[in-house]
Amino acid sequence: MVNNTEYYKVLGIGRDANETEIKKAYRKLAIAHHPDKNPGEKRAAAEEKFKKIAEAYEVLSDPKKRELYDQLGEEGLKGGGGPGGPGGGFGGFPGGGGSGFSFHDPNDIFNAFFGGGMGGGGGDPFAGLGGGGRSRSRGGGMGGMPGMSGMGGMPGMGGMGGMPGGFGAEPSASAPPPPGEIVKPLALTLEELYKGGTKRLKITRHLRSGRSEEKILEVAYKAGWKKGTKIRFAGAGNEDEHGQSQTITFVVEEKPHNRFERIDDDLVTKINITLSQALLGPDGGGSITKEVEQLDGRRITVSLPPGQIVQPGQETRVAGEGMPVSKAGSAKKRGDMLVRWNVVFPKSITPAQRDALRKVFN
């Protein structure tokens, strides 16, 4: 019995799912099960799941491969031998070569999808993978008819799925290597990361012809993004000798701030008070009250209860006044502000003050 439902189950979609539903399912699952998001003991299981998700997406996102899968199932698609029938070959298609096809690296699929090569809707789903070690010449691939090798018997198939290059049974020795990646820092202030925004950055890319051209990239960053967040522009970099363009990846860096330190989604700031204030409170009594200027310019009032002796490094938490939380679906929308009270000791005291203090503390 042909097993032609597993890939649909992997992506959690019905057999009648359209292109948009398939992409939406892949996006959600690929992020959730990416090995980098599942460190430690969970990584091995995540890698297997991530590979299966990519496999399912690679087949179901392409109409011709999906049609073959629906007829032949996973084993027939991989092994090149279907359930038999007139004509033999690949699942009953005339002239089949019976060698199946190889899947792309799941990381290449992920990078292409989120870098723009696969997420734009339409076009060659494998654009931007830079050859991936497989032939990119027309007519190669899986045929069993003139001009086709491997799987064919179906008119009009340039490789499997009707895409240029297709998937040959053996990797081509002439396939160009992937074009690689250019990594650039994107230094942002805490004020910028608090609000989100867009930077227009001018880059110079070198072309295969030897010429250079300038290009403006609009780099959008979301409120709450953390350092290390990556923004990819597929095909925006230099051209190699094969005409393939590199991916440019911007990595968010946080500029040091003169008032705040960011710890995860919290903002930490320091307020100085004198030793006298820490022990006795403000002159005239009452509570110690200070103002902190927030990253958006607002003034946040912070107070300590009257009569409280303030310990050096003591913290006051102001809920909801930290950085925005960028993680989708998070119940908490903002982190907190942590105010650390820094008790400033006097550099010197007089003998009379020393004697008075001894009398008080003894």
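The buried residues of helix H3 are Ala46, Phe50, Ile53, Ala54, Glu55, Ala56, Tyr57, Glu58, Val59 and Leu60. The model is predicted. H3 covers residues 43-60, and at 1.5 Å a residue its 18 residues should span 26 Å. The end C-alpha atoms of H3 are 25 Å apart, which agrees with that span.

A nonpolar patch on the surface is formed by Leu279, Leu280, Ile309, Ile349, Leu357, Val360 and Phe361. Together these residues have about 690 Å² of accessible area. At least two residues of the patch come from each of helix H7 (275-280) and helix H8 (351-361). H8 gives the most, with three residues. Ile309, also part of the patch, lies in the loop between strand S9 (299-303) and strand S10 (315-318).

Asp264 sits in another part of the chain, in the loop between strand S6 (261-263) and strand S7 (266-274). Asp264 is not a glycine, yet has a positive phi of about 60 degrees. Most residues other than glycine have a negative phi.

| Residue | Relative accessible area | Class |
|---|---|---|
| Asp264 | 52% | exposed |
| Ile309 | 45% | partly exposed |

Why is Asp264 classed as exposed? The class exposed needs a relative accessible area over 50%, and Asp264 has 52%. Ile309 is classed as partly exposed because its relative accessible area is 45%, and that class lies between the cut-offs of 20% and 50%.

Methods
Residues are numbered from 1 along each chain as its sequence is written. This is a predicted model: local features need pLDDT of at least 70, side-chain atom pairs count only at pLDDT 80 or more; totals for chains, interfaces and linings use all residues. Side-chain values use heavy atoms; hydrogens and water are left out. Helices (H or I, at least four residues) and strands (E, at least two) are DSSP runs, numbered from the N terminus. Buried means under 20% relative accessible area, exposed over 50%, partly exposed in between (1.4 Å probe, protein chains only). Patches are made of residues with over 30% relative accessible area and no salt bridge: like charges are joined within 9 Å, nonpolar side chains (Val, Leu, Ile, Met, Phe, Trp, Tyr) within 5 Å. Accessible areas come from the Shrake-Rupley method with a 1.4 Å probe; for residues, only the protein chains shown count as cover. A salt bridge is a side-chain nitrogen of Lys or Arg within 4 Å of a carboxyl oxygen of Asp or Glu. The expected span of a helix is 1.5 Å times one less than its number of residues.
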